Amino acid sequence: MSNNTINIQFLGAAGTVTGSKYLITAFGKNILIDCGLFQGLKELRLLNWEPLSFPPAQIDVVLLTHAHLDHTGYLPRLVKEGFTGNIVGTSPTLQVAEIILKDSAKIQEEDAIRANKHKYSRHKPALPLYGLDDVEATLPLMKSKPLNEWFHINENIRYRFRYNGHIIGATFIELQIGDKLLVFSGDIGREIDPLLFPPEKPEHADILFIEATYGNRLHPNRQAIDALQELINRCTNRNGTIIIPSFSVERTQLLMYLFWQLKKSGRMKDIPIYMDSPMGRNVLEVFHKNTSWHKLSNEECSEMCSEIRRIKTMDETHALAADSSPKIIIAGSGMAAGGRVLTYFTKYLSDENATILLVGFQAEGTRGRALLEGAKEIKLYGKYFQVKATIENIEGLSGHADQNGLIDWMDKLKSMPEKIFIVHSEKEGAEGLRKKVKEIYKWECAIPSLNELINLQINKT
């Protein structure tokens, strides 16, 4: 490749909302922005097992926007396939990534053991994509960097991280290559969030990569706490258990905060609330250690935690699942793709008095999406369970900016970017945002496809 060219290859989150990976090649360096796992549809999950179209051993550095699995979950596999460079992110991002990757490896190992024991996998034997040993080999490569400072990869390439809301540690990345500034939005947070500060906004971008998870949708104007109060009080009138599949990072902490506020103000019935997510418990510790990244004091964190009973062991999980008394259980994972919430599903999916409350985005191919779309049965551990529980959905709790938020995030750009790529979205979201950008700014946007390769001209600074 000549020294006046940038190669951009979309290795994930192109035409889909998962598997974020963008390979940037310029001035003799190969830079991977995010390294996410594909989730959801089986055809997407199978991509995790395919070799990358670029050799991992030739990648020099990975820059992480934030810690969610669809942005970091492929890292141990990348290392397993030969990557030896640095993995760079903010300190909270790397702290949360360690929690998430260990949890992911453990679930994969347990799923493989269960599949082999009960013989419901076509693979003989079933194997995890990676294990805990692979995660341990990945962690020494992680290097933290602070916000708002430029760091050089070589004399022609530098980068910095800027605060982006969404989850603790999340950023957008500015990557200066020669005379071009590339901006990677990561996942953009909301202007008003009970726990996190508003996202910063880029002032300049020659090449902009912007997510569109909610590119065709608007969050409700109603306050999330009011909607949650009404729904929870309606559900508790059924006198059954409420199961809330929840993302362990930020969403679980947000739910804990909202329930704490509702209980403290007497706005909900006095029903026991449990949080069953080892990862969620560990992320709470990250909140305690990084108070400058969010709005809660350590005292508020402690008071919030005292109101909600935290489950630790699987024995406690099974005992709680067997308890027929009314209760609220927040459990991972957020799209019911795995985790402890599935143990509760085996007990409560077929319970007519129970409620399954969905509180976030449900990607195609996940159990959460199937429930949202009215599935009559759900497959768990190789068996089918009838859905008799009431399925509820509450909007407004997402940590993603909606269409208006995405449009507003671009409003400080002083000029039109040369290229805008809409990524991290299903087709409808990407098309919705493209039309809105055209309407508001009169800018053209491209929607790249998976593994698409683009060449752009640059000059040295």
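W49 counts as partly exposed because its relative accessibility is 42%, where partly exposed sits between buried (under 20% relative accessible area) and exposed (over 50%), using a 1.4 Å probe and protein chains only. This is a predicted model, so local features need pLDDT of at least 70 and side-chain atom pairs count only at pLDDT 80 or more, while totals for chains, interfaces and linings use all residues. Residues are numbered from 1 along each chain as its sequence is written, and side-chain values use heavy atoms, with hydrogens and water left out.

**Around W49**
- You'll find W49 in the loop between α1 (42-45) and β4 (61-63); helices (H or I, at least four residues) and strands (E, at least two) are DSSP runs, numbered from the N terminus.
- Together, L46, W49 and L127 make a nonpolar surface patch of about 330 Å².
- Patch members have over 30% relative accessible area and no salt bridge, with like charges joined within 9 Å and nonpolar side chains (Val, Leu, Ile, Met, Phe, Trp, Tyr) within 5 Å.

**Helix α14**
- In α14, the buried residues are G429, A430, G432, L433 and V437.
- They fall within an arc of 160 degrees seen down the axis of α14, so they line one face too.
- On the other side of α14, K427, E428 and K435 are exposed.

**Salt bridges**
- The whole structure has 23 salt bridges, each a side-chain nitrogen of Lys or Arg within 4 Å of a carboxyl oxygen of Asp or Glu.
- R160 pairs up with E174, their closest N and O atoms being 2.5 Å apart, and both residues are buried.
- K201 forms a salt bridge with D411, with closest N and O atoms 3.2 Å apart.
- K201 lies in the loop between β10 (180-184) and β11 and D411 in the loop between α13 and β20, so this pair ties together parts 210 residues apart in sequence.

Technical notes. Accessible areas come from the Shrake-Rupley method with a 1.4 Å probe; for residues, only the protein chains shown count as cover. The arc is that of the directions from the helix axis to the C-beta atoms.
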